[in-house]
Amino acid sequence: MGTRPLLNRRLEGMGSTIFAEMSALAVATGSINLGQGFPDTDGPREIAEAAARAVLDGRGNQYPPGPGIPELRAAVTEHQQRWYGLSYDPDREVLITAGATEAIAAALLALLEPGDEVIALEPFYDSYAACIAMAGAARVPLTLRAPGFRPDLDELRTLITPRTRLLLINTPHNPTGTVLTPDELRGIAELACEHDLLVITDEVYEHLVFAGAHRPLAALPGMRERTVSISSAGKTFSFTGWKVGWVTGTPELVAAVRTAKQYLTFVSAGPFQYAVADALRLPDGYFDTLRADHLRKRDLLAEGLAAAGFDVYRPDGTYFITTDITPLGETDGLEFCRKLPERCGVVAIPNVVFYDNTEAGRSQVRWAFCKRDDVLAEAVARLGRL
Ligand code: PMP
Ligand code: GLN
């Protein structure tokens, strides 16, 4: 096989995701896993039963339609209307995907040419970097800097070049918890329109906003026609293993994304689509409780981390808290996270892996608080030993 590396150059250095590495470390050491973002309690029983019923009733056990089952596409459009007043045609403007992850991959593979530039909020979710690379495009970071983690719109303007094809936005933002303000969204939208850029917006934490309200970028003037909006059931309904996501956008954008999607997975898990259609139609009380529960958990963990000596950046959204380890006399988040399990039986994620400008994130560590209160309390007690 010669000396040529097996893994192609585009994926060089992307061997294993930080989430896989840290979850394996948690299992191997029996640690509390506040690393990878998944809840330790499943979503609503009635939704799990809906999935089981669909399997037993033979709904979705054979290939569902490529764009997704009509029931779920309708439920997605009802959801966009109910929460944001956005109307979409369920037949032409919705695509069901294998989680948001596939939606991101399909959108980037469909919309980018090699050599295009993508401006993304840094720190960025790991699959953005990998998918931009697989598309042969280049990522250009707009760095959110501690302590505020706000986007600098003047800087954004300077990053736009004739090669810029799209903006990749994520609000609420993983890992910082930043929720873009109406002014920030307006500024981004104006630049997108002025430079005729496409926008992909990842809004998987749309129902985990603690201050203000989630505002979809597609709702801003001039944005509907240029925005691919992405969300998924994983975070909102606490079934991250089901991998049901969706895309909304104009018929042209959705057709482009569908073209790539059909050769990635063709279709996504059938029976779960029926259950997610029911989930999207849950009453407001479900969504209110989800948010209130996570707000309580956020505060529980934030206070514990502060008491343990970390600098805590309290997030406005998502179920992650970013901290700085400098007050503990530490500087290297990656090294800190690799040793943390043996030091005190807790696993966390080093934010530095989400940065190109590694200096900006070297001492940051992310903690997931989508865990039972007693688990968070135990984690805090262990961290107190540091
Ligand atoms: N985008 C962001 C910002 C995420 O944090 C995640 C992880 N849930 C995803 C996308 C992937 O979502 P899914 O599990 O639906 O593929
Ligand atoms: N989105 C989750 C996180 O940020 C992880 C998902 C994954 O492992 N790819 O922790």
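UniProt places the feature "domain: Aminotransferase class I/classII large" (unreviewed entry) at residues 32-380; UniProt positions follow the numbering used here, feature names are shortened, and annotations may be inferred rather than shown by experiment. This is a predicted model, in which local features need pLDDT of at least 70, side-chain atom pairs count only at pLDDT 80 or more, and totals for chains, interfaces and linings use all residues. Residues are numbered from 1 along each chain as its sequence is written, chains are lettered from A and ligands numbered from 1 in the order in which they are written, and side-chain values use heavy atoms, with hydrogens and water left out.

Q: How far apart are the end C-alpha atoms of residues 32-380?
A: The span is 42% helix and 16% strand; helices (H or I, at least four residues) and strands (E, at least two) are DSSP runs, numbered from the N terminus. The separation of its end C-alpha atoms is 10 Å.

Q: Which element gives the most residues to the shell around ligand 1?
A: The shell holds 14 residues, the closest being Thr-101, Asp-202, Tyr-205, Lys-235 and Lys-243; a residue is near a molecule if one of its heavy atoms lies within 4 Å of it. By class there are six nonpolar, five polar and three charged residues. Ala, Val, Leu, Ile, Met, Phe, Trp, Tyr, Cys and Pro count as nonpolar, Asp, Glu, Lys and Arg as charged, and the others, Gly among them, as polar. With four residues, the largest contribution is from α4.

Q: What share of the accessible area of ligand 1 does the protein cover?
A: A nitrogen atom of the ligand lies 2.5 Å from a polar side-chain atom of Asp-202, and a ligand nitrogen is 2.7 Å from an N or O atom in the side chain of Lys-235. The Lys-243 side chain has an N or O atom 2.7 Å from a ligand oxygen. Of the 390 Å² that ligand 1 has on its own (Shrake-Rupley method, 1.4 Å probe), the protein covers 94%.

Q: What share of the accessible area of ligand 2 does the protein cover?
A: The residues around ligand 2 include Phe-19, Tyr-205 and Lys-235, and the shell divides into four nonpolar, three polar and two charged. Oxygen atoms of the ligand lie 2.6 Å from a side-chain N or O atom of Gln-36, 2.8 Å from one of Asn-174 and 2.6 Å from one of Arg-366. Of the 300 Å² that ligand 2 has on its own, the protein covers 80%.

Q: Is Glu-102 buried or exposed?
A: Glu-102 lies in helix α4 (residues 99-111). Its side chain reaches the backbone nitrogen of Ala-98 at 2.7 Å and makes a polar contact with the side chain of Lys-261 at 2.8 Å. A polar contact is a pair of N or O atoms within 3.5 Å; within protein, one must be able to donate a hydrogen and the other to accept it, and residues adjacent in sequence count only if both atoms are side-chain atoms. Because its relative accessibility is 7%, Glu-102 counts as buried.

Q: Is Glu-342 buried or exposed?
A: Glu-342 is in helix α12 (residues 333-344). Buried means under 20% relative accessible area, exposed over 50%, and partly exposed in between (1.4 Å probe, protein chains only). At 68% relative accessibility, Glu-342 is therefore exposed.
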